[in-house]
Amino acid sequence: MPNTSRIQDSNEVFDPRAFLGRAGTGKTIERYGRTQKIFSQGDIADTVFFIQKGKVKITVLSEQGKEAVVGIFAEGQFFGEACLDGAELRTSTSRAMEECLITSITKPAMLAALDAQPRFSAFFINYLLSRNSRIEDDLIDQLFNSSERRLARLLLLLANFGKEGGVQPAAITLSQETLAEMIGTTRSRVSFFMNKFRKKGFIDYNGKIEVHASLLDAVLREKPQILEDE
């Protein structure tokens with residue numbers, strides 16, 4: 001019979017982030033420069049990625065040739081995990097938005113780690129549950145909130161507000177066109193709202209967007225008077 005005490009001891013000291021932070025069998029760590037492509041729509045899907053540092057943009061290309069941004073992933077997040085559920089080809093394209101440090105894990109290595117390490121399995125499941133909750137919130141946001149509120153929420157998410165550990169908000173470098181795509185409105189409306197936010201002191205906007213906590217305060221008010229659509 002296996003020595004269960006040794007297995008439990010091994011599980012107690014296993015650190016998922018340390019595991020993801022070092023190369024090994026089926027794992028590689030690579031640096032990507034700004035705008036560098038990580039994988040393309042139509043590529044073989046056989047690897048899961050984990051972002052140690054940086055941000056990654058996910059886009060899809062329609063049959064008519066129109067590109068749309070469908071997601072932004074940041075430090076501590078996985079992407080490309082659809083291969084674990086049987087997806088054979090990539091349905092999107094991923095690019096580094098800034099200097100990135102990314103761990104890639106082959107599908108067999110990922111499945112083996114999930115099977116052998118309960119702590120890693122719990123870590124990954126918690127991530128998936130959190131992401132599923134985010135997707136539900138995004139859908140509710142898209143269906144019921146004004147475009148101005150959707151923009152405010154997106155800016156707060158991109159600036160890391162609400163994360164544990166007192167994360168300092170990061171400068172956002174997305175274009176107004178990309179922001180418009182992500183909240184389902186026009187560039188002119190985004191420009192109007194951005195100017196409004198800047199005048200009210202919610203953001204600084206000079207090439208890069210710096211989000212202030214006052215925007216979060218405005219969004220969290222029970223009866224907000226500041227954020228109103230036209």
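Predicted model: local features only at pLDDT ≥ 70, side-chain atom pairs only at ≥ 80, totals over all residues.
Colleague: OK, at what angle do α6 and α7 pack, and how far apart are their axes?

Modeller: The angle between α6 (residues 176-183) and α7 (residues 187-199) is about 105 degrees, and their axes are 8 Å apart.

Colleague: Which residues make the contact?

Modeller: From α6 the contact takes in Gln 176, Glu 177, Leu 179, Ala 180 and Ile 183, while α7 contributes Arg 187, Val 190, Ser 191 and Met 194. By type, the residues of this contact divide into 5 nonpolar, 2 polar and 2 charged.

Colleague: And which residues of α6 are buried?

Modeller: In helix α6 the buried residues are Gln 176, Thr 178, Leu 179, Ala 180 and Ile 183. Just after the helix comes Gly 184, which takes a positive phi of about 75 degrees.

Colleague: Where else does a glycine take a positive phi, say in the hairpin of β9 and β10?

Modeller: In that hairpin, which has 1 residue between the strands, Gly 207 has a positive phi near 85 degrees. The strands themselves, β9 (residues 203-206) and β10 (residues 208-211), pair in the antiparallel sense over 4 bridges, and Asp 204 has Glu 210 of β10 as its bridge partner.

Colleague: Switching to the sheet, in what order do the 4 strands come?

Modeller: The order is β1-β8-β3-β6, in an open sheet with antiparallel pairing. Because β1 (27-32) and β6 stand at the edges, each with a single partner strand, one side of each is left without a neighbour in the sheet.

Colleague: How many bridges hold β3 to β8, and how many hold it to β6?

Modeller: Strand β3 pairs with β8 (residues 100-106) over 6 bridges, and with β6 (residues 78-79) over 2 bridges, where Phe 49 has Phe 79 as its bridge partner. On the β8 side, Lys 53 stands opposite Leu 101. Leu 101 is also the bridge partner of Arg 31, and 6 bridges join β1 to β8.

Colleague: Why is β3 described as largely enclosed?

Modeller: It is described that way because 5 of the 7 residues of β3 are buried.

Colleague: Which helix lies across β3, β6 and β8?

Modeller: That is α3 (residues 107-116), which runs at about 80 degrees to β8.

Colleague: I'm also looking at Lys 55; where does it lie, and is it buried or exposed?

Modeller: Lys 55 lies in the loop between β3 (47-53) and β4 (56-61). Its relative accessibility is 12%, and since buried means under 20%, Lys 55 counts as buried. The C-alpha atoms of Lys 55 and Gln 77 are separated by 9.4 Å, with the two residues 22 residues apart along the chain.

Colleague: Last topic, the whole chain: how many helices and strands, and what share of the residues is buried?

Modeller: The protein chain has 8 helices and 10 strands, and buried residues make up 38% of its 230 residues. Of the contacts with a separation of 6 or more, 70% are between residues 24 or more positions apart. The accessible surface of the chain comes to about 13400 Å², and 50% of that belongs to carbon and sulfur atoms.

Technical notes. Residues numbered from 1 in each chain as written. Heavy atoms only, no water. Buried < 20%, exposed > 50% of the residue type's maximum accessible area, 1.4 Å probe, protein only. Axes fitted to C-alpha atoms, helices over the stretch in contact; angles between N-to-C directions. Contact = heavy atoms within 4.5 Å. Nonpolar A, V, L, I, M, F, W, Y, C, P; charged D, E, K, R; others polar. Pairing = 2+ DSSP bridges. Areas by Shrake-Rupley, 256 points an atom, 1.4 Å probe, with all protein chains shown as cover.
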